[in-house]
There are 4 protein chains.
Amino acid sequence: MIRALVWGENVHEQKNRVVREIYPDGMHETIARGLRESGGIDARTATLQEPEHGLTKEALENTDVLLWWGHAAHGDVDDAIVDRVVQRVWQGMGFIALHSSHFAKPFKRLMGTSCALSWREAGERERLWTVNPAHPIARGLPAHFELENEEMYGEAFAVPEPLETVFISWFQGGEVFRSGMTYQRGNGRVFYFRPGHETYPTYYDANIRKVIANATQWAFNPNITDHDMTKAPNVPVEKALEPIEERGPRLHAAGEEGSR
Amino acid sequence: MIRALVWGENVHEQKNRVVREIYPDGMHETIARGLRESGGIDARTATLQEPEHGLTKEALENTDVLLWWGHAAHGDVDDAIVDRVVQRVWQGMGFIALHSSHFAKPFKRLMGTSCALSWREAGERERLWTVNPAHPIARGLPAHFELENEEMYGEAFAVPEPLETVFISWFQGGEVFRSGMTYQRGNGRVFYFRPGHETYPTYYDANIRKVIANATQWAFNPNITDHDMTKAPNVPVEKALEPIEERGPRLHAAGEEGSR
Amino acid sequence: MIRALVWGENVHEQKNRVVREIYPDGMHETIARGLRESGGIDARTATLQEPEHGLTKEALENTDVLLWWGHAAHGDVDDAIVDRVVQRVWQGMGFIALHSSHFAKPFKRLMGTSCALSWREAGERERLWTVNPAHPIARGLPAHFELENEEMYGEAFAVPEPLETVFISWFQGGEVFRSGMTYQRGNGRVFYFRPGHETYPTYYDANIRKVIANATQWAFNPNITDHDMTKAPNVPVEKALEPIEERGPRLHAAGEEGSR
Amino acid sequence: MIRALVWGENVHEQKNRVVREIYPDGMHETIARGLRESGGIDARTATLQEPEHGLTKEALENTDVLLWWGHAAHGDVDDAIVDRVVQRVWQGMGFIALHSSHFAKPFKRLMGTSCALSWREAGERERLWTVNPAHPIARGLPAHFELENEEMYGEAFAVPEPLETVFISWFQGGEVFRSGMTYQRGNGRVFYFRPGHETYPTYYDANIRKVIANATQWAFNPNITDHDMTKAPNVPVEKALEPIEERGPRLHAAGEEGSR
């Protein structure tokens, strides 16, 4: 069983009648339920309002894939928790950023860019095209699928060139958007998936659920590796793999830690 | 003329006799001189010790390509200055991280990874192989070139999969390293180049100078674009490119700023 | 001056009244004129009907960037000429495939895929979005630009994941398409650019002309490198860069050619 | 069970005493045995000498992942069979090119490059470094592993920039090589893996076996997709997803096949 953790900001569900009516248990719970029903995934939830936002050291150590939905309160996420999440991704935890989480702190930290885009909230039609139908995240998805009402996000989306582009969206109002893109950061796989504005029932859609479940399976690293991608070990001369002799001047004493 | 700015930490040149003898004017000045002599590049310098580390708003606005060398004092670089540098890269300034700057704050911010690696200071032989000889950064370089004394950096180097791998190093002690890699972040091009340990005269080497000059030319964006990759503009319904009517519920009032 | 060669199939211009009226001098000549007027490019033309399709050994040796437009007669292009073109790309010649040349023999050979897509000829509106505004090929182009009448090409486009996606098209009928993508094959840069159906005056459009001129500049390799990416040289033991002794059994006699 | 097919050229095993003594049942059989013992893989073999090289239409239709080892007789492989293999990769069959198969016809067709490299047969030491330890193909592999005797392959290796670089080799004689690289062509995943010269017992090595088994698992597409990446379907105007009216001149009659 893959241990997924769905993190929800859980703000608009409390404050906005429309959102509450669509997602009475919170968006995070609806997303988690979709994962559970997909099979092979044990999905828990955590929210901004919990102590340490529900992202304690222990919670992350028991998480294989973290899914993130935030919008109104990106700035309220504690920087120390963001560090912890990012470190865990580097160790091998998968990270799936949903919709408005393009501006979530951990996603921006992992991308190294502003993650800006253009947008319009008009309930227009979005059509997602599967541009890499053989990708594990696209398995079982049709050549294209529609969401009758969605917020528009438009290019240029300020993210790095992805490893793979899996989906591209067409919008009724005339824009396009790279809606499904893969990355790797340290040992962790990262997927951005565009749809999911809180005033529409997007996370009940069967195709959307399938993409999110596929992405969770794809982002899962079955043996979070022993290679720690955050350490910078010194290799002493006498332990060099090929025999060498030390030559010339040096800065560091033997066995010393490097500078950071 | 490309306006390059070579930023030097300038610590070991002050404290360490060996480094001072090799680089009596500072490593930054030696690197800048190489750029000037390459033609077409106007190279200034800035150091950690200057007010705002020499990286004032005005200085950056007059910089096309920033080259960075740091090692002992990464932690002393002010986070507000790092933000400023990163923002300027997103606008289109080139950024070239040299050697131990794999751990420099702006480079780690742009990569979104730990940027860790293994290392050994033994003055061993490094041989750089040109794996993409047609790349603009490799122009005029031979199939391979040697540095008789260098610090070793070994894989796995914890950076994202690059756009392009230009050079790979062979080390006498048995390691390999991806020594020249390209990235783009926002509108800015980024190049990491491995050699340059401060106790060796690496920045006087003709091949190394050519790579750094080529990389500066490559990273130059002649018209830092009008597309601002840090803004998230709202597109009002009545200004949609295709005529649409607003449908369904919405969160935002017309013309409102999005959440960050 | 960059030496561009615009290759035109030149079939529909002869057979179809509509095409002839739009492009009385042939599409290739209109494209070449656009390059000449952009500055810095010396553009010649060649057509299918010429001896060796105008792509003699000498013609290619005097070409820095080859632009290719074909549609009705892909199958009539001689395989030996295709080999010659591909070899020249590997040496460092740029190659720009225009519109229906997604099915041109040299493009398919360079991609290693079927290059299939879906299509519709309805004169609908196409809007190209600049997704990488800092890319040299996008310089001077707006955030988006329109062609009021174009043929539709739809995803999934069966090409390899590109190095960079520069433009994505929106179509009135509901499709999207990755309309500008970069690749490298051997020492040669390759760009695919979608618009250009022969029954519309696309190659007179100022934005389209700018993209094609930019792409020609980008694909130009100023010193087609001395590294020959088609040779597989043997390195004899006694010329190894590090001293080694031959050990164990071997297949090849000293200095022998490898198997192909 | 993944259905793997190991194709062996089977020439040197017949002609060369040294090779026959190391691989008395043929290299293909030794490789297949390693796959079978890894679990979850049903591995058959085929050789050049069989009718249709053992690669009948039926054989390929029952193959999920094809592994290819060739060296002396690349030119003897029938072009029609190569077409069949390439088409099957485009449909979703995995393809793993081993060692000297860098010059195998199907690999060159899939890459679109010359696939040239430099080489030396001196039985020298090769050390493979795992540069992407989290990659599925690197699971269970150490940070580095050695082959005491191998043929050297040196950069520049004339292949396209890979999706991912998984392994890089260090050679005793002073060269480096990108020894494990991933690609996708159509729906099929492609992996190149360097080691495996026929005069050394490389395919008995536990690490090498693990890489090949991992790569076979990685290249497996559990539901070879319904999206046929070789068809170019016409979408008639009246079946457009958004209502459009046909405008302007056209070349093709309704429902007509496109040009190839």
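User: How many salt bridges are counted between chain A and chain B?
Analyst: This is a predicted model, in which local features need pLDDT of at least 70 and side-chain atom pairs count only at pLDDT 80 or more, while totals for chains, interfaces and linings use all residues. Residues are numbered from 1 along each chain as its sequence is written, chains are lettered from A and ligands numbered from 1 in the order in which they are written, and side-chain values use heavy atoms, with hydrogens and water left out. A salt bridge is a side-chain nitrogen of Lys or Arg within 4 Å of a carboxyl oxygen of Asp or Glu. Between chain A and chain B, the count is two.

User: With which residue does R247(B) form a salt bridge?
Analyst: In this pair, the closest N and O atoms are 3.0 Å apart. The residue that forms the salt bridge with R247(B) is E148(A).

User: How many residue pairs are in polar contact between chain A and chain B?
Analyst: A polar contact is a pair of N or O atoms within 3.5 Å; within protein, one must be able to donate a hydrogen and the other to accept it, and residues adjacent in sequence count only if both atoms are side-chain atoms. With both residues at pLDDT 80 or more, the number of such pairs between chain A and chain B is 26.

User: Which element gives the largest share of the side of chain A that touches chain B?
Analyst: Helices (H or I, at least four residues) and strands (E, at least two) are DSSP runs, numbered from the N terminus. The elements giving two or more residues to this side are α2 (17-22), α6 (105-111), β5 (118-130), β6 (144-154) and β8 (176-185) of chain A. The largest share is eight residues, and the element that gives it is β5(A).

User: How many nonpolar residues does the side of chain A that touches chain B have?
Analyst: Ala, Val, Leu, Ile, Met, Phe, Trp, Tyr, Cys and Pro count as nonpolar, Asp, Glu, Lys and Arg as charged, and the others, Gly among them, as polar. By these classes, this side has 23 polar and 19 charged residues. The number of nonpolar residues is 28.

User: Which residues of chain A lose the most area to chain B?
Analyst: Buried area is the accessible area (1.4 Å probe) that two parts lose on being put together, summed over both. Chain A and chain B bury about 5,500 Å² between them, 60% of it on carbon and sulfur atoms. Together 15% of what the side of chain A buries is lost by W119(A), R247(A) and L251(A).

User: What percentage of the residues of chain A count as buried?
Analyst: Chain A has seven helices and nine strands, and its C-alpha atoms fill a box of roughly 70 × 40 × 35 Å along the principal axes. Buried means under 20% relative accessible area, exposed over 50%, and partly exposed in between (1.4 Å probe, protein chains only). Of the 260 residues of chain A, the buried share is 67%.

User: How far does helix α5 of chain C reach from its first C-alpha to its last?
Analyst: The helix covers residues 79-91, which is 13 residues. The expected span of a helix is 1.5 Å times one less than its number of residues. For α5(C) the expected value is 18 Å, and the reach is close to it, at 18 Å.

User: Which residue just after α5(C) takes a positive phi?
Analyst: At the start of α5(C), a side-chain oxygen of D78(C) reaches to within 2.9 Å of the backbone nitrogen of A80(C). Just after the helix, a phi of about 140° is taken by G92(C).

User: Is C115(B) buried or exposed?
Analyst: C115(B) is placed in the loop between α6 (105-111) and β5 (118-130) of chain B. Although not a glycine, C115(B) has a positive phi of about 60°. Because its relative accessibility is 0%, C115(B) counts as buried.

User: Leaving aside neighbours within four places in sequence, which residues is I81(D) in contact with?
Analyst: I81(D) lies in helix α5 (residues 79-91) of chain D and counts as buried, at 5% relative accessibility. Contact means heavy atoms within 4.5 Å. With those neighbours left aside, the contacts of I81(D) are E52(D), H53(D) and L55(D).
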